[in-house]
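Thanks for making the time this morning.

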Amino acid sequence: MSLAVARKPLRADAARNVDKIITAARQCFREFGPDVPLQTIAATAGVGPATLFRNFADKEELVLAALNRQLRLTVDPVVDGALAGMDAAEGLFRVLESLMAASSADANLLGAVAGRRELLTGITGSLMESISVLLVRGQGQGSLRADISMTDMFRLLAMLISVVDTMEPGSDAWRRPLALVEDAIRSKRPERPLPAHVPVPSSAGIGAQPLVPAAAEPRLG
């Protein structure tokens, strides 16, 4: 369950503090990496450590709140548009683009919860349900391969999110792997060149934390 989703309604002043802390967290994780101390985040937000800990019990809870907010702000509107659109396959790939852009922008937030996939289940469950709807619609429209299951989609998404660990944070190097996935699951390969190749930086590590948690995988297909 997402701790951010479970949060009770806050007074206006407390809500402002939470907003400042989450905004500062995203800034500090981008600037200093996944090991940034909570005290640095509190100072950047202009609040005391006690205020931070009154709203977030630990770093994991703060990271989940920040990731949850970004998904709700940047990915959910794309999902709504995709579900309302006529072309399910196009909608699906717009959703994946928005998810990859969000993952790239907040790569260090993902790194802070590496190895704790179960923590991410609550903030991605509804997203996975929407992807399942778009997949089934696209198959019905004949634009997506009929033999692709949601199990396949979860594994493909996990692979895509892992690409973030092989590129600079904020980079759009994910566009080429996403295009390759699109080629693989469309019933007809798009007639367009692949996006430009981006070399793997020498500082890239191995073992990025997928934003799509295996624990959330439904028993489909």
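I41, if we leave aside its neighbours within four places in sequence, is in contact (heavy atoms within 4.5 Å) with I21, A24, A25, C28, F29, V36, L52 and L62. Before I go further, please keep in mind that this is a predicted model, in which local features need pLDDT of at least 70 and side-chain atom pairs count only at pLDDT 80 or more, while totals for chains, interfaces and linings use all residues. Residues are numbered from 1 along each chain as its sequence is written, and side-chain values use heavy atoms, with hydrogens and water left out.

Together with I131 and M153, I41 touches the most other members of the largest nonpolar core, which has 61 residues. By such a core I mean a set of buried Ala, Val, Leu, Ile, Met, Phe, Trp, Tyr and Cys residues joined through side-chain atoms within 4.5 Å, where buried is under 20% relative accessible area with a 1.4 Å probe, protein chains only. Among the elements that give two or more residues to this core are helix 2 (12-32), helix 3 (38-45) and helix 5 (59-84), and helix 5 gives the most, with 10 residues. Helices here are DSSP runs of H or I with at least four residues, numbered from the N terminus.

Staying with helix 5, how does it pack against helix 6? The two lie at an angle of about 175 degrees with their axes 8 Å apart, the axes being lines fitted to C-alpha atoms over the stretch in contact, and the angles running from 0 to 180 degrees between N-to-C directions. That makes helix 5 roughly antiparallel to helix 6, a term used for angles over 145 degrees. On the helix 5 side the contact includes L71, T74 and V75, and on the helix 6 side it includes G91, R94 and V95.

Helix 5 is also the place of Q70, which is buried, with a relative accessible area of 11%. Not counting residues up to four places away in sequence, Q70 touches R26, V75 and D106.

Finally, helix 9 and helix 10 pack at an angle of about 165 degrees with their axes 10 Å apart, which makes helix 9 roughly antiparallel to helix 10. The contact is made by M153, L156 and L160 of helix 9 and by P177, L178, V181 and I185 of helix 10. The buried residues of helix 10 pack against helix 6 (88-105) as well as helix 9 (150-162).

Key
Buried means under 20% relative accessible area, exposed over 50%, partly exposed in between (1.4 Å probe, protein chains only). Angles under 35 degrees count as roughly parallel, over 145 as roughly antiparallel, 65 to 115 as roughly perpendicular and the rest as oblique.
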